[in-house]
Amino acid sequence: MHDVTPELRKALLHDKAERAAAIISNYASLEIDLGLFELFVQDQGFGALVFCVDRSPASYRQLLTEKGVNDEAVFYLDVTGAGDNHPNTLASLNIGNLSYLTLEVFQMIETAQKRFPQRNFFVLLDSVGSMQLYNEPETLARFLHANNLRFRALNVYQTYLLEPNGKLNNVVRKFCDNILELGPTKEEAFARAIGAQR
Amino acid sequence: MSNISHPPCKSVFVILPFAIVLLLATMARPDLLCSQNNTGMAALFCDNDRTIGALVDLIAGIVLMTVAYYTTKVAASTRSRRVLLTACAFAVLATGTVGAGIAKLHADGGNVAAFSSTASAIISSLMLVAALHVFEDKNIKRHPWAMTILTVVTTTLALVGFTMFGSSLPPFIAGQRMTLLGTAPWPLAAIGFVLVAVFHYRLCLKLHSRITYWFVIGYALLALASLAVFFNRGSGDALVWVFRLSRLAASLAFLRAITLKH
């Protein structure tokens, strides 16, 4: 597993006005998720709001436990239908209904901010690509854009994980304050191309 | 990473012209190309004109040095044993090629040039094969730059040593004409380069990387160059030029690989 935390530490949260970051990478999303949890939750003491589209809340919790990250202020909006009964999890009815999803997201933020009023929160959306399977790109773009404004109003930091050449990259890049491209360095790519296994 | 958009098997089309030249040159024996009074193109294929041969060797050697330098830089950055061994293999090949070029500039440097080319080809091919089998689970502890410089210095000292004590050259190399024994290491080198090319071809199928693609071509050309020496019949044979040009083309293929954009 590639450790992206040092790169994230170097690039994010240096500007006080920064409220949204787009991370474009072909690394596995779990590697970047872990890096973000380490930076925001472990280093900076943020709480987290996670959109669970590709993985269940239980698998995120397991990851955080394994890596020793305190997850008491990590909240999950579960659209996977995994039936998680954890108090920090809110089960969503339908990933294809973005109006409901918006209501649920802000209900979750309200709950989280009430329980941890001293904490700043960040929202993690690592599955923009998967959400496109259930929604038209234009509808999804409108959902992301409108919620970005609400997140900003609530002082919630947003992180979006995007694949290189993703359909919505241009939209997300426009409203993000920080755009970070993560990938193997030229040397790493060269080493892999000539047979280095790491 | 820069990816190729076509199947890696198309690398055959790059190697094919060299293979055809190799075949044609094998059929057209030296007596066809080297008469008593060589002029024009025929002179290029004979040992009478050493300067051009030396120039080709020197260019190939310098290009290979550049490849060795870059590969060492990558080894220093990634701490990969495999990359470091590859870098050392290129350093040996580069030193041997430059050595052959310099030796060729002297009227009686033919033996040293033959020895330099033979030794560097066989050693580098063995190092490249070994690189495929090294364990990658641990980071290298020694400094990669020191290892590569040590390789270059050792190879240079060995070549200078053999040049100073010319009589200590193996008899099959120091003989007036190429013998079967003298050319015997070359098929071994060719097998080594083929193995490495096959490994990289399979890697290219998996990664679709343009860097790997050009490495496949480079190794295949080195294998062809080795075969050309094995089949050559001595001074003036066209196959010597197939060898030189294939090695030059191989070095340019490696250069292409290291200069590809990220």
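Two strands pair if DSSP finds at least two bridges between them. The legends below use the term in that sense and describe a predicted model.

**Figure 1. The open sheet of chain A.** Seven strands of chain A are paired in parallel, in the order S4-S3-S2-S5-S6-S1-S7. Strand S4 (89-91) and strand S7 (178-182) of chain A are the edge strands, each with pairing on one side only. From one strand to the next, the twist averages 15 degrees. Helix H3 (residues 57-66) of chain A packs on this sheet and touches strand S2 (47-52), strand S3 (74-78) and S4 of chain A. The direction of H3 makes about 155 degrees with that of S3(A).

**Figure 2. Strand S1 of chain A and its partners.** Strand S1 (residues 20-25) of chain A runs parallel to S7(A), and five bridges join the two. Within this pairing, Ile24(A) has Glu181(A) in S7(A) as its bridge partner. S1(A) also pairs with S6(A), in the parallel sense and over five bridges. Here the bridge partner of Ile24(A) is Leu162(A) in S6(A).

**Figure 3. Strand S6 of chain A and its surroundings.** Strand S6 (residues 156-162) of chain A is mostly covered, with seven of its seven residues buried. One side of S6(A) carries Val156(A), Gln158(A), Tyr160(A) and Leu162(A), and the other carries Tyr157(A), Thr159(A) and Leu161(A); both faces are covered. Strand S5 (residues 121-125) of chain A pairs with S6(A) over five bridges, in the parallel sense. Opposite Gln158(A) in S6(A) stands Val123(A).

**Figure 4. Helix H2 of chain A and the residue that follows.** Helix H2 (residues 29-43) of chain A has 15 residues. From its first C-alpha to its last, H2 reaches 20 Å, close to the 21 Å expected at 1.5 Å a residue. The buried residues in H2(A) run through Ile32(A), Asp33(A), Leu34(A), Gly35(A), Leu36(A), Phe37(A), Glu38(A), Leu39(A), Phe40(A) and Val41(A). Gly45(A) follows H2(A) and has a positive phi, near 70 degrees.

**Figure 5. Two loop residues of chain A with positive phi.** Leu13(A) is not a glycine, yet has a positive phi of about 65 degrees. The loop that holds Leu13(A) lies between helix H1 (5-11) and S1 of chain A. Leu13(A) counts as partly exposed because 17 C-beta neighbours lie inside 10 Å. Asn165(A), also a residue other than glycine, has a positive phi near 65 degrees. Asn165(A) is found in the loop between S6 and helix H7 (169-175) of chain A. With 8 C-beta neighbours inside 10 Å, Asn165(A) counts as exposed; the cut-off for that class is 12 or fewer.

**Figure 6. Helices H4 and H7 of chain B.** The axes of helix H4 (residues 50-78) of chain B and helix H7 (residues 144-164) of chain B cross at roughly 150 degrees and come within 8 Å. H4(B) is therefore roughly antiparallel to H7(B), a class that takes angles over 145 degrees. On the H4(B) side the contact is made by Ala68(B), Thr72(B), Ala75(B) and Ala76(B), which meet Pro144(B), Trp145(B) and Thr148(B) in H7(B). By class, the residues of this contact are five nonpolar, two polar and no charged.

**Figure 7. Helices H5 and H6 of chain B.** H5(B) and helix H6 (residues 110-133) of chain B have axes that come within 8 Å and cross at roughly 170 degrees. That angle makes H5(B) roughly antiparallel to H6(B). The contact of H5(B) with H6(B) has 16 nonpolar, nine polar and two charged residues.

**Figure 8. Arg50 of chain B.** Arg50(B) lies in helix H4 of chain B. With 18 C-beta neighbours inside 10 Å, Arg50(B) counts as partly exposed. Leaving aside residues up to four places away in sequence, Arg50(B) touches Lys104(B) and Leu105(B). Between Arg50(B) and His106(B) the C-alpha to C-alpha separation is 8.4 Å, while in sequence they are 56 residues apart.

**Figure 9. The contact between chain A and chain B.** Chain B contributes 18 residues to the contact and chain A contributes 13 residues. On the side of chain B that touches chain A, H4, helix H5 (81-105), helix H10 (185-207) and helix H11 (210-231) of chain B each supply at least two residues. That side of chain B divides into nine nonpolar, seven polar and two charged residues.

How values were computed: Residues are numbered from 1 along each chain as its sequence is written. Chains are lettered from A and ligands numbered from 1 in the order in which they are written. This is a predicted model: local features need pLDDT of at least 70, side-chain atom pairs count only at pLDDT 80 or more; totals for chains, interfaces and linings use all residues. Axes are lines fitted to C-alpha atoms, for helices over the stretch in contact, and angles run from 0 to 180 degrees between N-to-C directions. Helices (H or I, at least four residues) and strands (E, at least two) are DSSP runs, numbered from the N terminus. Angles under 35 degrees count as roughly parallel, over 145 as roughly antiparallel, 65 to 115 as roughly perpendicular and the rest as oblique. Two residues are in contact if their C-beta atoms, placed from the backbone, lie within 7 Å. Ala, Val, Leu, Ile, Met, Phe, Trp, Tyr, Cys and Pro count as nonpolar, Asp, Glu, Lys and Arg as charged, and the others, Gly among them, as polar. A residue is buried if 20 or more other C-beta atoms lie within 10 Å of its own, exposed if 12 or fewer, and partly exposed in between; C-beta atoms are placed from the backbone. The expected span of a helix is 1.5 Å times one less than its number of residues.
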